[in-house]
Amino acid sequence: RVDRRQRQMCIRDRNTLVRGGAPSRFGPQDCGSIWLWQEQGAFQGTVHFTDIESYDSNFAAMTFWSGDYSDVVISGMRVVGGPYVMEVNSASGTIPCDHVVVTGLTLPYGGIHSCASLIFKDEGGNSGWDMNHDHQHCN
């Protein structure tokens, strides 16, 4: 939902995503259940993700593609299964995360697939994933 008058974008509380994510139609990469892409410019306002549940994503719960994501806030996310929590490509900024709880990832890489400088800032209550990624998946 985008409210142009308040210049704020948000996803409503309590969204549940089951088996989301898929190969991208734009190239040889996969996408998360929620895909953020600033192709036409930066977001105008803050984007809030609150009380999101992602079950058994085909790739990642969230994908951040191209741009600065300092205007994104993640609070109260539950990720169950899937290879990754977050995928990051050509993205920068710092995203505060609180109460992001992860269980049952299918790959042992700590939860982040990243080739960029985007930082996930621990605001407390996070568990089951390593927010300090090491860019080990870049080619």
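1. Confidence. The chain averages a pLDDT of 84, and 83% of the residues score at least 70, where pLDDT is the predictor's confidence in each residue, from 0 to 100. This is a predicted model, in which local features need a pLDDT of at least 70 and side-chain atom pairs count only at pLDDT 80 or more, while totals for chains, interfaces and linings use all residues. Residues are numbered from 1 along each chain as its sequence is written, and side-chain values use heavy atoms, with hydrogens and water left out.

2. T63 lies in strand β8 (residues 60-68) and counts as buried because its relative accessibility is 0% (buried means under 20% relative accessible area, exposed over 50%, partly exposed in between, with a 1.4 Å probe and protein chains only). Leaving aside residues up to four places away in sequence, T63 touches C31, G32, I34, W35, L36 and E87, and the T63 side chain reaches the backbone nitrogen of G32 at 2.5 Å.

3. Cysteines. C31 is buried, with a relative accessible area of 7%, whereas C115 is partly exposed at 29%. A search of the whole structure finds 0 disulfides, a disulfide being a pair of cysteine sulfur atoms within 2.5 Å.

Notes: Helices (H or I, at least four residues) and strands (E, at least two) are DSSP runs, numbered from the N terminus. A polar contact is a pair of N or O atoms within 3.5 Å; within protein, one must be able to donate a hydrogen and the other to accept it, and residues adjacent in sequence count only if both atoms are side-chain atoms. Contact means heavy atoms within 4.5 Å.
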